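Please keep the structure open beside you while you read.

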Amino acid sequence: MPINIDPNIELMERVVSFHSVSKTVKGGRVRKQSVLVVVGDGNGLVGYGIGKANELPDAIKKAIADARKNLVRVSLVGTTVPHEALGQFGAASVLLKPAPEGTGVIAGGPVRQVMEAAGIRDIRTKSLRSNNKQNVVAATIEGLKAMRCAEEIAAVRGKTVTEVKG
């Protein structure tokens with residue numbers, strides 16, 4: 001579920017990939033650009049967007065606007081995630097595991113971009129099956145959305161954190 005945020009908030013913007021496609025028409029070739037962008041505040045807020053336009057800068061602007069509309073809040077425990085999760089989108093699956101402080105971000109290209117934008121500094125990940133960048137980014141976000149910290153679970157159940165942890 002997208003979050004309503006202040007439109008003036010400062011977000012890091014990272015271009016994950018861009019594609020140039022061409023179509024042959026009667027007058028010659030027409031080139032278009034497609035861009036995948038990840039944005040985040042470095043403190044648990046992250047989103048991604050896709051933009052398409054005739055020129056690369058216009059496509060990037062559209063992708064950033066799309067990403068700002070699709071921001072999600074991620075549960076963090078210190079510098080890592082609360083528990084292990086598997087995010088799936090299309091044929092892509094991404095396994096996310098918490099790591100002790102000082103481990104760093106152990107992740108491949110698109111997953112690393114999402115983690116850095118979200119502000120996660122210690123995590124181990126493995127991208128499984130598909131290596132389509134759009135689907136890998138979406139699967140990573142799905143995995144992050146599925147995570148809940150003990151405080152959130154306790155609030156939902158109407159219990160204290162010590163009762164939930166046992």
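**Notes on the chain**

1. Charges come first: the chain has 24 positive and 15 negative side chains, and the centres of the two sets lie 10 Å apart. In this count Lys and Arg are positive and Asp and Glu negative, with His and the chain ends not counted. Each charge is placed at NZ of Lys, CZ of Arg, CG of Asp or CD of Glu.

2. A word on the source: this is a predicted model, where local features need pLDDT of at least 70 and side-chain atom pairs count only at pLDDT 80 or more, while totals for chains, interfaces and linings use all residues. Residues are numbered from 1 along each chain as its sequence is written, and side-chain values use heavy atoms, with hydrogens and water left out.

3. For overall dimensions, the C-alpha trace spans about 70 × 35 × 30 Å along its principal axes. The chain exposes about 9500 Å², of which carbon and sulfur atoms supply 50%; the areas come from the Shrake-Rupley method with a 1.4 Å probe, and for residues only the protein chains shown count as cover. Of the 166 residues, 37% count as buried, that is, under 20% relative accessible area, against over 50% for exposed and in between for partly exposed (1.4 Å probe, protein chains only).

4. The chain has 5 helices and 8 strands, following the pattern β-β-β-α-β-β-β-β-α-β-α-α-α along the sequence. Both kinds of element are DSSP runs numbered from the N terminus: helices are H or I with at least four residues, strands E with at least two. Among contacts (heavy atoms within 4.5 Å) between residues at least 6 apart in sequence, 57% join residues at least 24 apart.

5. Now the sheet: 4 strands form an open, antiparallel sheet in the order 1-2-3-4. Its edges are strand 1 and strand 4 (72–73), each of which pairs on one side only. Pairing here requires that DSSP finds at least two bridges between two strands.

6. Going across the sheet, strand 1 and strand 2 (residues 28–40) are joined antiparallel over 13 bridges, and S22 has R31 in strand 2 as its bridge partner. Helix 2 (residues 109–118) packs on the sheet, touching strand 1, strand 2 and strand 3 (45–53), and its direction makes about 140° with that of strand 1. Helix 3 (residues 133–145) also packs on the sheet, touching strand 1, strand 2, strand 3 and strand 4, and its direction makes about 155° with that of strand 3. These angles run from 0 to 180 degrees between N-to-C directions, with axes fitted to C-alpha atoms, for helices over the stretch in contact.

7. Strand 2 is joined to strand 3 by 8 bridges, again antiparallel, and L36 stands opposite I50 in strand 3. The two strands form a hairpin with 4 residues between them, and G42 in the turn has a positive phi of about 75°. From strand 3 to strand 4 there are 2 antiparallel bridges; V46 has V72 in strand 4 as its bridge partner.

8. Two residues to look up are E13, in strand 1 (residues 12–25), and G28, in strand 2. E13 counts as partly exposed because its relative accessibility is 44%. Leaving aside neighbours within four places in sequence, E13 is in contact with V38, V39 and I64. E13 and Y48 are 35 residues apart in sequence and 9.5 Å apart in space, C-alpha to C-alpha.

9. Why does G28 count as partly exposed? The reason is its relative accessibility, which is 26%. G28 and N135 are 107 residues apart in sequence and 32 Å apart in space, C-alpha to C-alpha.
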